[in-house]
Amino acid sequence: MMQIVGQTTQLEAWVASRTRKFSINEILIIEDREQGQPKAEVVETMTFNRYIPLASEQNNFVDEGVLSGLRQVGYDIEDEEINLAKLRLIEELAIPIRVGALVRVPLFSEVEALLVRRRPAQGLTLGVIQGTAEIAQEMPADLQGVAPLFDKENGVREQVGVPFVFDYRSMDQYPHIGIFGGSGSGKSFGTRVLLEEIMMKQVPAVVFDPHFELTFDQEFPGLPDSFRQSFKKRFVVLDAGVDIGIEFSELQGDDIVSLLRASSGSITDAMETAIKAVHKNRDSYLSYSTRLSNLAEALDNEADIRKQHGEMEYLNPDEKERVQTLYTLLKTYKDKVGGFAGTLRSVMRRMHRLEMEGVFTSAGTKKVEEAFLKRQLVVIRGSMYFLNVFAFYVVRKLYRKRREYRDSIQKGRPVEEKFPPFIIITDEAHNFAPKGDVPAPAKGVLKEIAQEGRKYGVFLVFATQRPALLDDTITAQLSTKMVFRTVRSVDIAVIKEETDITPEEASRLPYLPSGTAFISSAITGRTNAVRIRVSKTTSPHFKNPFEELEEAFAEQDAKIWEAIEPILPIDAFNLNAYLTDISRKAGRTLGHDELAHALEELCEQGKVVQENTPFGSRYRKA
Ligand SMILES: Nc1ncnc2c1ncn2[C@@H]1O[C@H](COP(=O)(O)OP(=O)(O)OP(=O)(O)O)[C@@H](O)[C@H]1O
Ligand SMILES: [Mg+2]
């Protein structure tokens, strides 16, 4: 029997039981018929027995009100084992709950509407709602087997509980997702699960991958057969600067400033002015950089050029043209660029560096657009530095295309090419859209999408370890937040402010196990504690780094042994004679010392012995 004890309010109550232990986050029904059998969630649990007395000097978990409440309804608090839980009502009541009311576990049908807004066929199945193991037993078949779980000790195990199905179709009203959590809390794992679900629904998406961890062709080991799935046709991986480039002619002066700022940090005001002044619409990299370098040259030799310009009749035609060009540049730009060739040279050096890195290619975003039309996920990978430079260009271009397409349709104009809605996902989001005055090239367009993207069907998924460093406007626009383990108090403060998680939930944040998150969403209007499901795929470097190390070397050692074994015995004083042969067989170049070392290792392993013969020392097979 479970029963309400102690003082109650219209929002909170305590429930006690002699026999039944409570699980955190489970939903219970209070048999307070006058108030229509309200539902409540367990937000704190505790168990007491005579060895851990309820009321002692050491513990003040439970206040006097609850204790006298327990006595009133007949508990012998000095002698019995008592399970207690704090309940928080799902919906606030008009008057406090009736003390003494009985409490029971709901039928699945009674909480279905609360827990499952969408069926897995229409939503993204991200995991299992905590505290739902008991009620899940009578769940319909389409909710079963859709979210197997994983933990390191037991491997993959079957789904226990009601699946958490994210209603992504409501993102047009409540757009954007934030994924927060400290190092190792499960953000990357959770992002992978989310991306898999996005691919399963074939929603076009682009993800920036600074960690080179997002490919989906390696299956997670140990999955049940019914859960396995291939994503090979659902995603493409593009390298920034190889498969995607920035078409220089699409840039404006402002854009060049942003790019150079992103790539080389500081840009002086003089440089900024010069960059914008010299830039012309539709400039190619060549036309722009030539203009810059000519102008620098003209500034260096200003006196000469003016003089020669006065005596043009003495010049040959080539020289004439040259002097005329430089003279015109001087006249047009000298005042606008401040007159220092050095400023222009600094700009040129920075631009040249980007050019050398392959940033400006005609590849543009063609491959991304092609993939979008196939409803694929596009993984763009590169260093953080590179991605920052590209994100700005790629995101802006895709967003513009989508907007133009929507606007044309709205205004009834003919459209040549479809451009689908899409989702932009990134880890380390605080680098792309940092808080405050910190500049980042993509910040402007990302903020615009945060505010207006939903009108056009463009949505953000922002993952970060440091929500406190993410731009405020964007944070405020993330209607759904998945919050993993968070330890830093500044980050917890932001989370408390920006979500509707309860004080009890906030106090659990530092202790959440990896892979468990509070998902707080304006779509459902509540927070669910969710154990994220096992992913169907795994990152190529999911392995423990030390196991990986051993395996990599074991393979290498095996190859060397295969190469050495057939040519034993080996003359210890003439190792050089064997190097070519062994290198060829081992598939890589070995030096003298390396071979000597390998032979010693093999001696230690007992595969080879070193012996002295009348002809000198040699290694032979053991
Ligand atoms: N849903 C999950 N189920 C089971 N194990 C998980 C889950 N999520 C994470 N883990 C475990 O926790 C480890 C760390 O998770 P993950 O790599 O996602 O952390 P992270 O938050 O991305 O950390 P970082 O910020 O350092 O990148 C995983 O390698 C995995 O072993
Ligand atoms: Mg990670």
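**Entry 1: helix H1 and what follows**

I started at Gly-74, which comes after helix H1 and has a positive phi, near 100°. I am working from a predicted model. H1 itself covers residues 64-72. I looked for its buried residues and found Gly-65, Val-66, Leu-67, Gly-69 and Leu-70. What do the buried residues of H1 pack against? I traced them to three strands: E1 (2-5), E2 (12-17) and E5 (82-89).

**Entry 2: strand E1**

I checked both faces of E1, and both are covered. Met-2 and Ile-4 are buried on one side. Gln-3 and Val-5 are buried on the other.

Then I looked up the partners of E1. Four bridges join E1 to E2, and the two run antiparallel. Gln-3 has Ala-16 as its bridge partner in E2. E1 and E2 make a hairpin with six residues between them. Gly-6 sits in that turn, with a positive phi of about 75°. E1 also pairs with strand E6 (residues 102-104) through two bridges, again antiparallel. There, Met-2 stands opposite Val-103.

**Entry 3: the sheet of 11 strands**

I wrote down the strand order of an open sheet of 11 strands: E10-E7-E19-E18-E17-E11-E16-E15-E12-E14-E13. The pairing is mixed. Which strands stand at the edges? They are E10 (163-166) and E13; each has a single partner strand, so one side of each has no neighbour in the sheet. From one strand to the next, the twist averages 25°.

I took a closer look at E12 and E14. Five bridges join E12 to E14 (residues 377-381), and these strands run parallel. Val-206 stands opposite Val-378 in E14. Helix H10 (residues 366-373) lies across E12, E13, E14 and strand E15 (422-426). I noted its angle to E14 as about 155°.

**Entry 4: a record for residues 377-395**

I checked UniProt for this stretch. An unreviewed entry there places the feature "transmembrane region" at residues 377-395. In the model, that span is 63% helix and 26% strand. Its end C-alpha atoms lie 14 Å apart.

**Entry 5: ligand 1**

I counted 17 residues around ligand 1. Gly-184, Lys-187, Ser-188, Phe-189 and Gln-465 are the closest. How does Phe-189 approach an oxygen atom of ligand 1? A backbone N or O atom of Phe-189 lies 2.8 Å from that oxygen. With Gln-465, a polar side-chain atom lies 2.7 Å from an oxygen atom of the ligand. I also found Arg-531, where an N or O atom in the side chain is 3.3 Å from a nitrogen atom of ligand 1.

Most residues other than glycine have a negative phi, and most peptide bonds are trans. I looked for exceptions.

Phe-212 has a positive phi near 50° and is not a glycine. I located Phe-212 in the loop between strand E12 (205-209) and strand E13 (235-239). Phe-212 counts as partly exposed because its relative accessibility is 39%.

Arg-282 is another non-glycine residue with a positive phi, about 65°. Its loop runs between helix H5 (269-278) and helix H6 (285-300). Is Arg-282 buried or exposed? Its relative accessibility is 58%, so Arg-282 counts as exposed.

I also found a cis peptide bond from Leu-568 to Pro-569, with omega near 0°. Pro-569 is in the loop between helix H17 (545-564) and strand E20.

**Entry 6: the sheet of three strands**

Three strands form an open sheet in the order E20-E22-E21, with antiparallel pairing. E20 (570-571) and E21 (608-613) are the edge strands, and each pairs on one side only. Two bridges join E20 to E22 (residues 616-621). Ile-570 has Tyr-619 as its bridge partner in E22. Helix H19 (residues 592-604) lies across E20, E21 and E22. I noted its angle to E21 as about 105°.

**Entry 7: Glu-153**

My last stop was Glu-153, in the loop between strand E8 (149-151) and strand E9 (155-157). Glu-153 counts as exposed because its relative accessibility is 68%. I also checked the distance to Arg-228: 75 residues in sequence and 21 Å in space, C-alpha to C-alpha.

Methods
Residues are numbered from 1 along each chain as its sequence is written. Chains are lettered from A and ligands numbered from 1 in the order in which they are written. This is a predicted model: local features need pLDDT of at least 70, side-chain atom pairs count only at pLDDT 80 or more; totals for chains, interfaces and linings use all residues. Side-chain values use heavy atoms; hydrogens and water are left out. Two strands pair if DSSP finds at least two bridges between them. Contact means heavy atoms within 4.5 Å. Axes are lines fitted to C-alpha atoms, for helices over the stretch in contact, and angles run from 0 to 180 degrees between N-to-C directions. UniProt positions are given in the numbering used here, feature names are shortened, and annotations may be inferred rather than shown by experiment. Buried means under 20% relative accessible area, exposed over 50%, partly exposed in between (1.4 Å probe, protein chains only). A residue is near a molecule or strand if one of its heavy atoms lies within 4 Å of it. A polar contact is a pair of N or O atoms within 3.5 Å; within protein, one must be able to donate a hydrogen and the other to accept it, and residues adjacent in sequence count only if both atoms are side-chain atoms.
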